[in-house]
Amino acid sequence: MYHQGVDKMTDVIRSRSGRKESYDEDKIRNALENAIMNAGFDVEDKQQFIDKTVSNVSRNVQIMSEVESEQIRNIVERNIEQDKQMSGDSSISEAWNNYLK
């Protein structure tokens with residue numbers, strides 16, 4: 001999937017299998033939405049956070065021809081940590097960590 005403003009396709013290397021697939025921001029969005037719902041939040045209330053995080057990931061991966069899935073997770077986790085520091089609420093962080101298990 002192309003992201004708005006992304007002029008080339010980025011391949012993601014899956015760390016476990018090594019299989020390549022095209023970057024798909026919907027996978028990031030869905031994972032965040034699931035973690036947010038698991039944290040007990042309404043997704044609509046956290047839409048700005050979701051949009052910002054997806055945009056940050058897309059902006060970072062657009063400059064790479066290949067990116068490992070671990071790198072994407074790290075970008076997401078940095079955004080979650082920033083949100084936690086600003087809001088003082090660790091619920092999303094905890095839900096994300098549980099989601100990754």
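In the predicted model, residues A31, L32, N34, A35, I36 and N38 of helix α1 meet I92, A95, W96 and Y99 of helix α4, where contact means heavy atoms within 4.5 Å. By class, this contact of α1 with α4 brings together eight nonpolar, two polar and no charged residues. Here Ala, Val, Leu, Ile, Met, Phe, Trp, Tyr, Cys and Pro count as nonpolar, Asp, Glu, Lys and Arg as charged, and the others, Gly among them, as polar. As a predicted model, it is held to a pLDDT of at least 70 for local features and 80 or more for side-chain atom pairs, while totals for chains, interfaces and linings use all residues. Residues are numbered from 1 along each chain as its sequence is written, and side-chain values use heavy atoms, with hydrogens and water left out.

Helix α1 spans residues 25–38 and α4 residues 91–100; the two pack at an angle of about 120°, with their axes 8 Å apart. Axes are lines fitted to C-alpha atoms, for helices over the stretch in contact, and angles run from 0 to 180 degrees between N-to-C directions. The pair α1 and α4 is therefore oblique, given that angles under 35 degrees count as roughly parallel, over 145 as roughly antiparallel, 65 to 115 as roughly perpendicular and the rest as oblique. Helices (H or I, at least four residues) and strands (E, at least two) are DSSP runs, numbered from the N terminus.

Helix α1 also packs with α2 (residues 47–61), at an angle of about 145° and with the axes 10 Å apart. On the α1 side, E25, I28, R29, L32, E33 and I36 take part, meeting Q47, F49, I50, D51, T53, V54, V57 and S58 in α2. This contact has seven nonpolar, three polar and four charged residues.

Turning to the sheet, three strands form an open arrangement in the order β2-β1-β3, with mixed pairing; two strands pair if DSSP finds at least two bridges between them. The edge strands, each pairing on one side only, are β2 (20–22) and β3 (66–68). From one strand to the next, the twist averages 35°. Strand β1 (residues 11–13) runs parallel to β3 and is joined to β3 by three bridges, and I13 stands opposite E68 in β3.

Finally, E81 lies in helix α3 (residues 69–87). With a relative accessible area of 31%, E81 is partly exposed, that is, between buried (under 20%) and exposed (over 50%), using a 1.4 Å probe and protein chains only. The C-alpha atoms of E81 and I92 are separated by 9.1 Å, the two residues being 11 residues apart along the chain.
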